[in-house]
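Welcome to this short tour! Open your viewer, get ready to select a few residues, and follow along one stop at a time.

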Amino acid sequence: MFRFSFIAFFLGSTISGCGGIFPSAPTVLTACSFDQAWAIALASVNEFEVRRVDKISGKIETEWMLFNSKRGAGLFARSENKERMRFFVTLERKSIGIQIETFQMREFFSPMGLQSQSGWRRIAPNKGEEQRLANRIFNRLKAKGCTILS
């Protein structure tokens, strides 16, 4: 009995702990029509250059934005590093409404040493920036009179 309890506890804590390792992207759930939610989501990414817009699949993808990284490079922490990011916004029809998800892809490049040979490498997204975009969509939905479900 002890062995079964230990295994159940271990599996439960391992599975629930994955939420911290792979946190989900911010979402907004609304009762608006798909067309209205789509127009608001598209207008919310107006500060970025849009790479792909596919209303049928409910996907919006921005172009890469390049900027200097705050991460130091090498022994002397040089500041020649670059980062880039782009957003993905996905609209999905659910049984109770339209779910809008914002996700950021972020990559890092250092011209120093071995890292320069491997090119861009993926790093964790900036959760604050993802949430700001989700909040912008949320606020625009509310301003248009859409009911927010979560």
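Two residues are in contact here when heavy atoms of theirs lie within 4.5 Å. Keep in mind along the way that this is a predicted model.

**Stop 1: helix α2**

Select residues 34-44, which form helix α2. Which residues of this helix are buried? They are Phe34, Ala37, Trp38, Ile40, Ala41 and Ser44. Colour them and look down the helix axis: they cover an arc of only 170°, which puts them on the same side of α2.

Now show what these buried residues pack against. Among the strands you will find β1 (27-30), β2 (50-54) and β3 (59-62). Strands β5 (82-94) and β6 (97-109) are partners too, and so is helix α4 (127-143).

**Stop 2: Ser44**

Stay in helix α2 and pick Ser44. Is Ser44 buried or exposed? Its relative accessibility is 0%, so Ser44 counts as buried. Look for a polar atom of the Ser44 side chain: the backbone oxygen of Ile40 lies 2.8 Å from that atom. Then display Leu133, Arg136, Ile137 and Arg140, which Ser44 touches when residues up to four places away in sequence are not counted.

**Stop 3: the disulfide**

Next, select Cys32 and Cys146. A disulfide joins the two, with 1.6 Å from S to S, and the structure holds 1 disulfide. Where do its two ends sit? Cys32 lies in the loop between β1 and α2 and Cys146 in the segment after α4, so the pair ties together parts that are 114 residues apart in sequence. The torsion about the S-S bond is about -130°, so this disulfide is left-handed. Both Cys32 and Cys146 are buried.

**Stop 4: salt bridges**

How many salt bridges are there? The count comes to 10. Begin with Arg84 and Glu107, whose side chains meet at 2.5 Å, N to O. This pair links distant parts of the chain, with Arg84 in strand β5 and Glu107 in strand β6, 23 residues apart. Both Arg84 and Glu107 are buried.

Move on to Glu61 and Arg52, a salt bridge whose closest N and O atoms are 3.9 Å apart. Glu61 is buried, with a relative accessible area of 10%, whereas Arg52 is partly exposed at 39%.

Lys94 is partly exposed at 37% relative accessibility, and Glu92 is partly exposed at 39%.

**Stop 5: aromatic pairs**

Finally, turn to the rings, where the count comes to 4 aromatic pairs. Select Phe88 and Phe103: their ring centres are 6.2 Å apart and their planes stand at 40°, so the pair is tilted. Phe88 lies in strand β5 and Phe103 in strand β6, so the pair ties together parts that are 15 residues apart in sequence. Phe103 is partly exposed, with a relative accessible area of 28%.

Then select Phe109 and Trp120, another tilted pair, with ring centres 5.5 Å apart and planes at 45°. Phe109 lies in strand β6, and Trp120 is in the loop between α3 (113-118) and β7 (121-123). Phe109 is partly exposed at 21% relative accessibility, and Trp120 is partly exposed at 30%.

Note on methods
Residues are numbered from 1 along each chain as its sequence is written. This is a predicted model: local features need pLDDT of at least 70, side-chain atom pairs count only at pLDDT 80 or more; totals for chains, interfaces and linings use all residues. Side-chain values use heavy atoms; hydrogens and water are left out. Buried means under 20% relative accessible area, exposed over 50%, partly exposed in between (1.4 Å probe, protein chains only). Helices (H or I, at least four residues) and strands (E, at least two) are DSSP runs, numbered from the N terminus. The arc is that of the directions from the helix axis to the C-beta atoms. A disulfide is a pair of cysteine sulfur atoms within 2.5 Å. A polar contact is a pair of N or O atoms within 3.5 Å; within protein, one must be able to donate a hydrogen and the other to accept it, and residues adjacent in sequence count only if both atoms are side-chain atoms. A salt bridge is a side-chain nitrogen of Lys or Arg within 4 Å of a carboxyl oxygen of Asp or Glu. Rings of Phe, Tyr and Trp (its six-membered ring) pair if their centres lie within 6.5 Å; planes under 30 degrees apart count as stacked, over 60 as edge-to-face and the rest as tilted.
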